[in-house]
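Work through the exercises below with the model in view, and try each task before reading its solution.

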Amino acid sequence: DSPKPKYLICNADESEPGTFKDRLLIEKDPHSIIEGTILASYAIGSHIAFIYIRGEMPLGHKIMVKAIEEAEKASYLGKNIQGSGYDLQLILHRGAGAYICGEETGLISSLQGGKGWPRVKPPFPATQGLFDCPTVVNNVETLAAIPWILDQGAERYAAIGTEKSKGTKLFSVSGHIQRPGVYEVELGYPLQQFIEKDCGGVPNGRKLKGVIPGGSSTPVLRSDEINSVGLDYESLQAAGSMLGSGGMIVLNDSTCMAKAAWNIARFYAHESCGQCTPCREG
């Protein structure tokens, strides 16, 4: 109900180590992201939307520039879209490569021309976001799912997954695995089956030592902890980890866990915005 302008931001600043699902969508299906952004902007009454893309995605940036131009030429962006009377300007903003700008308030600070510093919530971006105006911030994967949901119906999407975790999820699988890549599976899919059957298991006759299920900031699960775990929010939380961004890193029995932990900690120390003590001081 705010009289202020409303903004929509597509968070394409994919910086979590082990995660590359958004990059795939940007490079292979940019129009699904643009279409989802248009629909979401229309739903909230926004006339200016932003795609904040990670600085280390030069190819993705080039592809997205071309896709936005194509959408403008086809009258899906700009003034009086498809004769509907609705106007929408879509601005592509390239970040400068800071991990912290993947956090929504850090992203907003950067987009406004400031340092990528997160702030304490509340107030939330939905009431005081970009330029202190109501702002919706959604991930690439979320917005790309909207066209399918509207086309097929919410009930059909909600029928996929578990009772509490609806729909599908993209998982970026890397590390010691036979078939690395991006996989779309329904939420609740068995983790052990996913690793052994869908992804081909651990190669070269080695054994599984552990799995980082949701990106490097999520806790590791040992090989003996994954047999009854499903790929959904509740199941992974109950197992002591998190779904996170779906950046799954598979580790075999040759991995030195101390060295892996040091490598991850070094990344977060380097990428810290310098505000909070644990990241800054270690």
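**Exercise 1: the overall fold**

The protein has 10 helices and 11 strands, where helices (H or I, at least four residues) and strands (E, at least two) are DSSP runs numbered from the N terminus. This is a predicted model, in which local features need pLDDT of at least 70, side-chain atom pairs count only at pLDDT 80 or more, and totals for chains, interfaces and linings use all residues. Residues are numbered from 1 along each chain as its sequence is written, and side-chain values use heavy atoms, with hydrogens and water left out.

Task: Compare the radius of gyration of the protein with that of a compact globule.

Solution: Begin with the rule, which is 2.2 Å times the number of residues to the power 0.38, the radius being taken over C-alpha atoms. For 282 residues a compact globule would have a radius near 19 Å, and the protein has 20 Å, which agrees. Then turn to the box filled by the C-alpha atoms, which is roughly 60 × 45 × 35 Å along the principal axes.

**Exercise 2: one residue in its setting**

Task: Locate Ser 241, and decide whether Ser 241 is buried or exposed.

Solution: First, follow the chain to the loop between helix H8 (233–238) and strand E11 (247–252), where Ser 241 has its place. Next, apply the cut-offs for relative accessible area, with buried under 20%, exposed over 50% and partly exposed in between (1.4 Å probe, protein chains only). Ser 241 is buried because its relative accessible area is 3%. Finally, list its contacts (heavy atoms within 4.5 Å): leaving aside residues up to four places away in sequence, Ser 241 touches Pro 213, Thr 218, Pro 219, Leu 221 and Leu 236. In the protein as a whole, buried residues make up 43% of the 282 residues.
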